[in-house]
Structures are given as structure tokens and as C-alpha cells.
Amino acid sequence: MGKPTGFIEYKRENPTKRDPFERTKSWKEFQILMPEPALRQQGARCMDCGVPFCQTGTTMDGSGEIGCPVYNLIPEWNDLVYRGKWKEALERLHKTNNFPEFTGRVCPAPCEGSCTVAISDDAVSIKSIEYHIVERGFQEGWIVPQPPSKRTGKKVAVVGSGPAGLSAAAQLNKAGHSVTVFEREDRIGGLLTYGIPDVKLANHIVERRVKILEEEGITFETNVEIGKDISATELKKNFDSVLLCTGATKPRDVEVEGRELKGIHYAMDFLTANTKSLLNSNHEDGNYISANGQNVIVIGGGDTGVDCITTSVRHGAKSITQFDINRQKPDERGDKNPWPLFPIIHTVEDGQKEAKAVYGTDPRSHQVSTTKFVGDAQGNVKEIHTIGVETTIDDKGRKIRTPIPGTEKVWPADLVLLAIGFTGPEERIIEELSIATTSRSTIDAEYGKYMTSVPGVFAAGDNRRGQSLVVWAINEGREAARECDRYLMGSSNLP
């Protein structure tokens with residue numbers, strides 16, 4: 001695939017992005033489209049490696065993930081881009097991924113970590129090529145509604161309109177079923193809309209795809225919460241099948257002294273309110289948690305924590321610090337993290353680059369554990385007390401946090417954002433339908449089958465597998481749609 005010697009002749013070229021300091025002045029996307037000759041050259045670096053681990057989409061004995069969870073036909077569309085066949089490249093891309101415009105923006109690209117070139121050189125810029133293929137498709141008018149030629153007469157309810165729900169709905173509609181998607185928020189998109197800052201994934205990008213899905217025949221019902229506005233029992237009665245794609249939205253808390261103080265918020269509450277106010281009024285309504293002029297502490301070193309940084313910088317925070325309880329990752333792969341596993345190495349994300357550009361330093365502090373919050377006379381948080389910790393793994397795989405004497409520290413804090421993950425899905429629907437759950441509080445539905453303990457009710461995405469990536473949610477939505485179609489029709493032609 002590509003040019004046989006391309007990976008030798010050409011170096012990786014990353015997409016151009018606007019200056020980190022300048023882009024913090026707006027909520028506009030900052031990636032700049034590359035010229036076609038440069039993209040074709042990047043496609044030429046795909047090396048016809050024989051076994052393309054990039055598109056494998058699997059895990060290795062709990063050690064980590066390998067390749068693309070939706071099994072993107074990466075070498076094929078890299079070759080087509082190299083040869084200038086963009087429409088054919090788009091067709092290949094859509095065969096496995098309903099929403100490459102989402103993954104091309106927010107996926108951490110496990111495919112690149114498993115690229116064969118990455119054994120000894122920089123990986124092929126797969127994510128960037130994916131982004132450019134789909135945007136070229138929209139620009140050229142190649143992406144148009146394709147409603148099914150006939151209907152089966154079966155009705156399916158999809159609960160939740162995040163990446164799992166949307167991909168499931170798209171596939172079930174292709175099979176000819178009448179699909180209704182229920183979303184409790186006022187906009188479609190789930191975490192794509194309200195969990196990811198608009199600067200990373202603009203709402204108009206989500207709306208652009210939703211409009212196509214509507215024109216293909218999918219019905220979207222917003223401001224409808226199943227279990228509250230409509231009972232789960234009634235939903236099951238009125239539809240031939242139900243697919244739950246409700247996510248894992250119960251946030252993990254910090255149980256330390258002073259947690260009740262004002263100014264301490266869950267990250268998703270902060271992000272959701274910000275985006276909702278931005279879309280409704282460009283922040284003029286004031287219905288959001290402002291970081292303006294605040295000393296902001298983000299507790300949690302993952303992507304959601306970075307999203308809080310991205311947002312706080314644009315609010316005009318006085319300072320931003322991100323606590324990561326773990327050691328700083330190494331600059332290169334360790335012995336227990338060999339290729340083709342996803343590389344566990346130190347990186348600097350866009351939001352962290354922006355914070356460094358504005359405040360002069362990387363916002364992260366590693367091996368930091370919160371011991372208590374301290375407030376003022378009015379009950380507002382004013383400082384955080386911490387201690388350094390060393391993390392070890394015991395013989396049962398459990399993490400042991402050991403305090404490091406002499407590392408106690410006090411940090412000024414006016415706004416604290418908790419971004420330490422989620423504990424599982426909300427229970428309302430689960431309890432009403434008496435759906436079995438796992439020891440991790442997720443819905444018990446076998447991977448590859450997706451049927452819950454209640455016949456005709458399926459589950460996919462984070463509510464089944466736990467907090468994960470957008471691309472894994474798309475994978476599960478597609479696969480669950482196939483199994484739901486098989487349940488309804490006796491067999492399925494869905495991939």
C-alpha cells in the first residue's frame with residue numbers, strides 16, 4: 001500500500017494547528033487542513049507491511065489495546081489517498097466507521113501506536129488522513145443521506161445519543177428498522193456534544209451528521225428521560241427491541257475532609273454547563289461555572305481533566321494546576337509496553353500546551369494526592385492540602401498508594417474540578433427492568449452478543465464496558481445493532 005519506499009523517503013508531517021496562545025481567545029477549532037500534495041505524501045508512507053496491526057482492533061491478555069477498535073481499512077484508504085482517489089477512500093472509511101469526522105478529531109489514535117513504521121520511526125499520520133478524507137467528502141458533497149430502500153416493520157428504541165447510540169441507530173436504520181433515539185438532554189450527541197469542549201469537536205459537526213441521519217429516516221426525541229418522562233417498561237412494550245446506550249455517567253468522588261465546600265464540582269457538570277451556555281447564548285446568559293479570575297485545580301490526569309484545562313484557559317483563569325496521582329510517564333516505551341500495544345508514554349495534549357503558552361509552565365503536578373479541602377468563612381473552598389504518593393501494584397493487581405513523608409503542600413484553590421472517572425451507569429432503567437449487572441456495576445451483556453438478562457433489551461458502550469473511548473463506543477454500537485437485527489429478523493447482513 002502507498003509508495004513501496006515512501007516510509008523511507010518521507011518523514012511524518014503533523015497537521016498544522018493555530019498558535020496555542022492565540023487560539024485560546026476563541027472556541028473555534030484550530031486544526032488547519034493540509035494541502036493535498038502533503039496528504040498524498042503522508043499516505044505514501046504506509047508501507048505494505050503484510051500484517052497491518054493498525055486495523056487489528058483487539059486487546060492482548062489485559063496488557064493493553066492494539067490497533068483500531070472499528071477495524072478501519074487503514075492501508076486501503078492510505079493507498080487511495082496517495083493515488084488521489086479521495087471518493088474511493090471515503091467509501092472505504094465509511095465501511096467500518098459511521099462517524100470518521102468524530103474520531104478524526106477526538107480519538108487518541110491507537111492505530112498509530114500499532115503502525116509497523118512506528119517500530120523504528122514516526123507512525124503514519126493515520127488520524128490526520130482520516131480527518132482530511134471525511135472533510136473532503138463533505139466539501140465535495142459526496143456525503144449524502146442514503147435511506148433504506150424498504151422497511152422491515154420492526155421498531156427499535158435507542159436510549160442515549162452518544163457515539164454508541166448514534167452508530168447503533170445508523171446501522172439499525174440501514175437494516176430497514178424504524179429507529180427512535182431518545183435523549184434526555186436538549187441536544188443530540190451525548191458526550192460528543194456536552195462532554196467534549198466545542199473547540200475540540202464543534203457542535204455543528206455533530207449536527208451536520210445528525211441532520212443526515214434524520215433525512216435517512218431516524219427519529220430523534222430530545223428532552224425525554226427514560227424512567228422519568230417515559231417508563232422503561234412502557235418503552236419496552238411499545239418497541240420490538242430496546243438498545244441501551246446510556247453511558248457510564250456516575251462520577252467518581254473524592255472522599256476527604258471539606259468535600260462539601262462550595263466551588264468543588266464534577267468535571268462533567270462544569271463542561272456541560274459551559275457548552276450549553278456557549279451554544280445557547282455565547283456565554284451571555286451566565287448559566288455556567290466560570291473559571292474567570294480563579295485559581296483552578298483539576299484533580300485527574302486524563303482526557304476529561306485536559307478538557308477542563310482547555311475550558312478554564314478560555315474563561316480566563318488566574319492559574320491552572322492539574323493533579324495526576326501517578327508518576328510522569330516515560331518518554332519511550334517500557335519493557336512491559338512493547339509495540340504493537342498502545343504506547344504508554346509522556347505526551348503533552350493541546351490543552352496543556354495552551355496552559356503552558358498562557359501561564360508559562362506545564363499545568364501538571366504528578367504523584368499528588370488530596371488530603372483535605374479548606375474553606376473560608378462563607379463556605380467557599382480556598383485551598384487544597386496534598387501529599388505526594390508512590391503507587392505500587394500488589395500481587396492481586398490492586399494499586400497501593402503510599403504517602404511520601406515530607407511532601408505535604410498547600411495549594412490556593414477557588415475552583416476545584418473532579419475529573420477522576422466514573423463508577424458506572426445510572427440505575428433508574430436498570431432497576432425498573434431488573435437488568436442484571438456485573439461486579440463493576442456495569443450492565444451484564446456479553447461482548448459480541450450484547451443481550452442483557454432481559455430478552456429484547458441490548459446494551460452497548462460505556463454502560464456495558466465501563467468508561468472508554470469514543471471509538472470503542474462506535475464499535476459496540478455497530479456490533480450491538482447487528483445482534484439486535486439478528487434478534488428481530490433471525491439473521492443479519494450488518495457488518
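Predicted model: local features only at pLDDT ≥ 70, side-chain atom pairs only at ≥ 80, totals over all residues.

Biologist: Which domains is the protein divided into?

Modeller: The assignment gives domain 1 (5–140), domain 2 (155–249 + 422–489) and domain 3 (253–418).

Biologist: What area is buried between domain 2 and domain 3?

Modeller: About 1200 Å² is buried between domain 2 and domain 3, and carbon and sulfur atoms give 58% of that area. Arg187, Tyr194 and Pro197 supply 39% of what domain 2 buries against domain 3, which is more than any other three residues.

Biologist: And how many residues are in contact there?

Modeller: On the domain 2 side there are 13, in contact with twelve residues of domain 3. The centres of domain 2 and domain 3, taken over C-alpha atoms, are separated by 29 Å.

Biologist: Let us turn to β5. Which strands does it pair with?

Modeller: β5 (residues 155–159) runs parallel to β6 (residues 178–182), with five bridges joining them. β5 also pairs with β8 (residues 241–244), again in the parallel sense, over four bridges.

Biologist: Which residue of β6 is the bridge partner of Val158?

Modeller: The partner of Val158 is Val181. Towards β8, Val159 stands opposite Leu244.

Biologist: Is β5 mostly covered or uncovered?

Modeller: Mostly covered, as four of the five residues in β5 are buried.

Biologist: Now for α13. What length does it reach?

Modeller: Helix α13 (residues 267–281) has 15 residues and reaches 21 Å from its first C-alpha to its last, close to the 21 Å expected. Asn282 follows α13 and has a positive phi, near 55 degrees.

Biologist: Which residues of α13 are buried, and what covers them?

Modeller: The buried residues include Phe270, Leu271, Asn274 and Leu278. Among the elements covering the buried residues of α13 are α10, β10, α14 and β18.

Biologist: One last topic, Arg105. Why does it count as buried?

Modeller: Arg105 counts as buried because its relative accessibility is 12%, and buried means under 20%. This arginine is found in helix α6 (residues 100–106).

Biologist: Which residues is Arg105 in contact with, beyond its neighbours in sequence?

Modeller: Leaving aside neighbours within four places, the contacts of Arg105 include Glu29, Tyr131, Glu135, Lys200 and Arg208. Tyr131 lies 26 residues from Arg105 along the chain, and their C-alpha atoms are separated by 6.8 Å.

Technical notes: Residues numbered from 1 in each chain as written. Heavy atoms only, no water. Buried < 20%, exposed > 50% of the residue type's maximum accessible area, 1.4 Å probe, protein only. Helix = DSSP H or I, 4+ residues; strand = E, 2+ residues; numbered from the N terminus. Pairing = 2+ DSSP bridges. Expected span 1.5 Å × (residues − 1). Contact = heavy atoms within 4.5 Å. Domains from an automatic or database assignment. Buried area = accessible area lost by both parts, 1.4 Å probe.
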